[in-house]
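This briefing goes through a few local features of one structure, grouped by topic. Have the sequence at hand while reading.

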Amino acid sequence: MLGLNYKLRELEKLGREIRVGLIGCGQMGRGMISQIESMKGMRVVATADLHTTFIQQAYIKAGVNEQSIVITNELEEAEKAIEQGKVIGTVYSELVTSLPSVDVIVDATGVPNIGAEIAWKAILNKKHIVMLNVEADVTVGPLLKKMADASGVVYTGSAGDEPGAVMELYDFADAIGFEIIALGKGKNNPLDHAANPASAEAEAKAKGASPKMIASFQDGTKTMVEMNAVANATGFLPDVAGMHGPTGTVQDLPGLFQLKEDGGILNKKGIVDYVNGVAPGVFAIISTDKPEVHHEMNYLKMGDGPNYILYRPYHLTSLETPLSVARAYFHKEATIAPWAGLQAETVAVAKVDLEPGSRLDGIGGFTVYGKLLSQSESSSANALPIGLVDANVVVTRPVKKGEIITFDDIEQEKESMIWKLRSLQAQSIKKPAVETKPVLV
């Protein structure tokens with residue numbers, strides 16, 4: 001991402017800007033609006049949310065004059081306002097994805113079904129799409145990427161989100177020829193599979209966040225989904241179902257992430273995992289078979305080897321999203337995308353005993369949490385991906401707490417958009433045999 005600041009300044013000097021359309025004005029969306037208002041050559045010109053007061057407050061807090069904020073659901077009025085240098089707010093995401101003046105769409109809804117539909121419509125309208133919605137990406141991202149490629153636009157995850165931050169380390173290490181043993185992230189809080197919106201309410205209130213979002217962090221689903229995205233981008237897989245999730249310091253990790261016969265915890269190399277104790281960082285465990293490189297790494301105080309750690313101690317979530325927007329616009333490149341295809345699956349596991357007639361309530365709710373499996377394990381179990389779980393899914397036979405929910409255990413009352421896209425994905429995309437990330441020339 002080097003040089004994007006210069007390109008943005010040049011764009012502004014030409015009297016132009018990257019026009020961003022944002023859908024979802026929650027915590028991440030609000031932060032992104034403010035960050036972009038501080039940048040050169042970029043602006044969030046249109047924002048959609050069910051609560052237009054959230055949009056107005058976000059723009060005002062970002063320093064936008066209240067008279068420059070136009071709330072409308074009409075395409076022509078919105079286009080006219082943007083051309084006059086104003087920003088618009090609307091309750092209709094379709095308005096934002098269809099605006100001719102918008103260059104790049106950002107989905108910050110966090111709802112898999114909504115995110116899938118937003119991406120679908122953005123691509124149909126030939127707009128680049130940046131997904132802060134990792135849940136949608138791990139469910140139907142391979143199909144959406146294939147669509148975007150065919151349409152000549154970029155489908156990408158976001159810089160600043162943990163998968164994007166991990167990918168930066170992977171790209172760096174891979175480019176200079178290191179062997180990459182493991183990729184991972186820190187977990188911010190102790191794993192609690194029983195966490196739900198009620199138990200997370202106090203923390204959510206203190207942080208100004210959604211109780212469901214906080215519950216999805218605590219019950220491990222978000223961690224599973226994030227490393228699922230890394231798996232689909234790189235082909236790295238969980239070493240065991242649900243990953244190891246050890247506890248350790250940054251200094252411990254090169255020793256932990258070795259093969260068992262060498263004193264570590266791994267059954268194989270090329271894995272994704274998470275660690276309690278190194279949050280909010282992300283890491284890559286690397287090695288080499290070259291004695292001179294080991295000597296240099298020791299000289300550079302990177303450790304004694306044979307494994308070393310590349311560690312990034314922060315990720316700025318949606319505050320970094322503008323970098324992915326700019327990269328898509330200027331370079332037609334993704335920050336992270338499912339280049340390796342559907343390599344892994346975050347499957348739904350029962351949080352409580354479920355009886356026939358029980359209605360599932362989705363990520364961060366009361367009924368299910370996510371567990372990361374390889375795609376082959378998930379397929380063999382006929383497991384239900386957690387991204388397909390919503391209020392339309394009803395349990396048809398008893399499922400015990402802690403059991404994986406399968407397609408045989410449920411029925412769907414109404415087919416949502418993400419289910420339709422998942423069906424299309426199954427018909428149209430085969431898992432690549434090798435890494436398919438494009439080579440830059």
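A residue counts as buried when its relative accessible area is under 20%, as exposed when it is over 50%, and as partly exposed in between. By that rule both faces of strand 10 are covered: I271, D273 and V275 on one side are buried, and so are V272, Y274 and N276 on the other.

**Confidence**
- The pLDDT of the chain averages 95, and 97% of the residues score at least 70.
- Residues 431-436 have a pLDDT below 50, and beyond near neighbours in sequence this stretch has 14 contacts in the model.
- Where pLDDT is low, the predicted coordinates should not be read in detail.

**Strand 10 and its partners**
- Strand 10 covers residues 271-276, and six of its six residues are buried.
- Strand 8 (residues 179-187) runs parallel to strand 10 and is joined to it by six bridges.
- K185 has Y274 in strand 10 as its bridge partner.
- Strand 9 (residues 237-238) also pairs with strand 10 in the parallel sense, over two bridges.
- L237 has I271 in strand 10 as its bridge partner.

**Aromatic pairs**
- The whole structure holds four aromatic pairs.
- One of them is Y329 with F330: the ring centres are 5.2 Å apart and the planes stand at 85 degrees, so the pair is edge-to-face.
- Y329 is buried because its relative accessibility is 17%, whereas F330, at 23%, is partly exposed.
- F407 and W419 are also edge-to-face, because their planes are at 90 degrees, with ring centres 6.0 Å apart.
- F407 lies in the loop between strand 15 (393-395) and strand 16 (410-412), and W419 lies in helix 16 (residues 417-428), so this pair ties together parts that are twelve residues apart in sequence.
- F407 is partly exposed, with a relative accessible area of 29%, while W419 is buried at 12%.

**A charge over a ring**
- K7 lies over the face of F330, at 5.9 Å from the ring centre.

- E203 is in helix 9, which spans residues 201-207.
- Is E203 buried or partly exposed? Its relative accessibility is 27%, so E203 counts as partly exposed.
- Leaving aside residues up to four places away in sequence, E203 touches I214 and Q218.
- E203 and I214 are eleven residues apart along the chain, and their C-alpha atoms are separated by 7.5 Å.

Terms used: Residues are numbered from 1 along each chain as its sequence is written. This is a predicted model: local features need pLDDT of at least 70, side-chain atom pairs count only at pLDDT 80 or more; totals for chains, interfaces and linings use all residues. Side-chain values use heavy atoms; hydrogens and water are left out. Helices (H or I, at least four residues) and strands (E, at least two) are DSSP runs, numbered from the N terminus. Buried means under 20% relative accessible area, exposed over 50%, partly exposed in between (1.4 Å probe, protein chains only). Contact means heavy atoms within 4.5 Å. pLDDT is the predictor's confidence in each residue, from 0 to 100. Rings of Phe, Tyr and Trp (its six-membered ring) pair if their centres lie within 6.5 Å; planes under 30 degrees apart count as stacked, over 60 as edge-to-face and the rest as tilted. A charge sits over a ring if NZ of Lys or CZ of Arg is within 6 Å of the ring centre and within 35 degrees of the ring normal. Two strands pair if DSSP finds at least two bridges between them.
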